[in-house]
Amino acid sequence: MTILAPIHAAAVEFAPEVTYLNTSSWGLLPRRTIAAVKALADENAAGRRVGAGSFEAVEAARVGFARLVGVHPDRVATGSSVTVHVGLIAASLPPGAEVLCPEGEFSSVVSPFALRGDLRMRYAPLADLAGAVRESTALVAFSAVQSADGRVADLAAVRAAAAAHGARTLLDATQAAGWFPVDAGAYDYTVTGGFKFLLCPRGTSFLTVTEEAQDTLPALFAGWVSAGAPWASNYGPLERLAPTARGFDEPPAFLSYHGAEHSLALLAEVGADALYAHATGLAARLREGLATLGHQPVPGESAIVAVPGLDGRQPELVEAGIAVSAPAGNLRISCHLYNTEADVDRLLEFLA
């Protein structure tokens, strides 16, 4: 089996009371993140914090995320949820536009388009997504890594097919960013929830948008933050949005973003290559062990391991202090920087 050394930062920053293999549901918060959130909460309680939080922390989180996904911070908008970001993109499409999604895609990626009622929805198996793009396709909306079973999309093939047919691309990187190398600049839009592999508090979400695609987005959620100079734009209608992706910022959940700044800094310290090697190495060890036990996990090199039909074991695993999840008929196990070989081996011993 693959032998991996623990990541040093994990021992310093995390102290789970269970065998935690459930980052696909939510990521553990680092100690530094918790300290930042608590400090702001204490300041708010004491009346010492002007404005309830710092836009400098929001900007630091924006910069940290931009660095992680390879774009300039001007291309990143901050918000609170993937659904809101996708809803903004859905509102930009003309009636009758065709949206192509994988079958079984996560609801937040699909529903804002499907529930508009005047768009043409098409679905294809993930493996056939690139081949399903056609001249009439306006947008391909899909996840880099599937939530239900951890399958990684053929990103290059989908991008090439979309470019060949003049379709825009929307990539959900929520189950990828933080362990998988994401090049956000290769897509018209990306959306990423921060509370999973990015280890941020819930209430952090990031939208990236190219300059060309930015011009198509409506000022649907415009507010005092959208001008790019929040404290100078509190009253009356805005004259214009900020000329960057900051024009699509939502008013921030300051507690969440004060923490996000530090979570993203931790990921940068560990490094993208180390995060990928560690997570996929543990997942490979897990797949090998599951096969030895006679189980057939979904194949691939994902940090998320899914075993179809084994979802019924999830309650007893949780009862035993092994945190996993069970979406769509799968037992889903996800590995991240704070996991070790001992975590994987404990799960395998329990299943045996």
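Biologist: Which residue of β8 does A77 stand opposite?

Modeller: A77 stands opposite L207 in β8. Please keep in mind that we are reading a predicted model.

Biologist: How many bridges join β2 to β8, and do the strands run parallel or antiparallel?

Modeller: β2 and β8, residues 205–209, are joined by 4 bridges and run antiparallel. Another facing pair there is V76 with T208 of β8.

Biologist: Why is β8 said to be largely enclosed?

Modeller: Buried here means under 20% relative accessible area. Of the 5 residues of β8, 5 are buried, so the rest of the structure largely encloses this strand. β8 also pairs with β7, residues 189–193, in the antiparallel sense over 5 bridges. Within that pairing, T192 stands opposite F206 of β8.

Biologist: Let's turn to a helix. Which residues of α12 are buried?

Modeller: Helix α12 covers residues 341–351, and its buried residues are E341, D343, V344, L347, L348 and L351. Looking down the axis of α12, you find these buried residues within an arc of 165°, so they line one face of the helix. A342 and E349, on the other side of α12, are exposed.

Biologist: What do the buried residues of α12 pack against?

Modeller: Their partners are β1 (19–20), α10 (272–292), α11 (314–319), β10 (322–323) and β11 (330–334).

Biologist: And how do I read empty space?

Modeller: A probe the size of a water molecule, rolled over the atoms, shows where empty space remains. In this structure there is 1 cavity of 30 Å³ or more. The largest cavity holds about 80 Å³ of space. It is lined by 13 residues, with L88, F221, F248, D249 and E250 closest to its centre. Its lining has 8 nonpolar, 3 polar and 2 charged residues.

Biologist: What volume does the largest pocket have, and which residues lie nearest its centre?

Modeller: The largest pocket has a volume of about 320 Å³. Of its 21 lining residues, V82, F106, T174, F195 and K196 lie nearest the centre. By class, the lining of this pocket has 4 nonpolar, 13 polar and 4 charged residues.

Note on methods:
Residues numbered from 1 in each chain as written. Predicted model: local features only at pLDDT ≥ 70, side-chain atom pairs only at ≥ 80, totals over all residues. Heavy atoms only, no water. 1 Å grid on protein atoms, 1.4 Å probe; cavity = no way out; pocket = protein on both sides within 12 Å on 5 of 7 lines; lining within 4 Å. Points joined across faces, edges and corners; volume = space filled by probe spheres on them. Nonpolar A, V, L, I, M, F, W, Y, C, P; charged D, E, K, R; others polar. Buried < 20%, exposed > 50% of the residue type's maximum accessible area, 1.4 Å probe, protein only. Helix = DSSP H or I, 4+ residues; strand = E, 2+ residues; numbered from the N terminus. Arc of directions from axis to C-beta. Contact = heavy atoms within 4.5 Å. Pairing = 2+ DSSP bridges.
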